[in-house]
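Let's walk through this one together, a question at a time. Have the viewer open as you read.

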Amino acid sequence: QVQLVESGGGLVQAGSSLRLSCAASGLTFESHQMAWFRQAPGKEREFVSAISRYDATIIADSVLGRFTISRDNAKKTVYLQMNSLKSEDTAVYSCAARTQYGKTWSPRAGYEYWGQGTAVTVSS
């Protein structure tokens, strides 16, 4: 079955960096668009960033210039590099996968598979 396993979260101070990883198994990774979402305590889940099977990327305005998404098809892994972390970045970060047919993609919705998430806590 499909599994998405996140890692790399933790407790850091404001201004620090973290790199999250999401290792996929049970799917043809290179045929899927991948994304990161986050959910802060008491808030709804929000879109963070996505990368298409052709390496097009999109990122939320709230993290633009600080976060970068990338993928390694050989390792079946998607990454989220997070720099200049702020207290408002505190959340559980989850990765998601969706089959992408062709070059058209919908980066913010319709994901079929989800990981369990990794917690990021940023202290100010």
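Q: In β8, which residue is the bridge partner of Cys22?
A: This is a predicted model, where local features need pLDDT of at least 70, side-chain atom pairs count only at pLDDT 80 or more, and totals for chains, interfaces and linings use all residues. Residues are numbered from 1 along each chain as its sequence is written, and side-chain values use heavy atoms, with hydrogens and water left out. Strands are DSSP runs of E, at least two residues, numbered from the N terminus, and two of them pair if DSSP finds at least two bridges between them. β3 and β8 (residues 77-82) run antiparallel with 6 bridges, and the partner of Cys22 there is Val78.

Q: What is the relative accessible area of Ser52?
A: Ser52 sits in the loop between β5 and β6. Leaving aside neighbours within four places in sequence, Ser52 is in contact (heavy atoms within 4.5 Å) with Gln33, Arg71, Gln100 and Trp105. Ser52 counts as buried, because its relative accessible area is 2%.

Q: How many residues apart in sequence are the parts that Asp89 and Arg38 tie together?
A: Their side chains meet in a salt bridge at 2.9 Å, N to O; the term means a side-chain nitrogen of Lys or Arg within 4 Å of a carboxyl oxygen of Asp or Glu. Asp89 lies in the loop between β8 and β9 and Arg38 in strand β4, so the parts they tie together are apart by 51 residues.

Q: Which residues do salt bridges that share partners join into one network?
A: Arg38 also meets Glu46, at 2.6 Å; Glu46 is partly exposed, at 33%, while Arg38 is buried, at 5%. Then Arg66 and Asp89 meet at 2.7 Å, and both are buried. Through shared partners, the network joins Arg38, Glu46, Arg66 and Asp89.

Conventions:
Helices (H or I, at least four residues) and strands (E, at least two) are DSSP runs, numbered from the N terminus. Buried means under 20% relative accessible area, exposed over 50%, partly exposed in between (1.4 Å probe, protein chains only).
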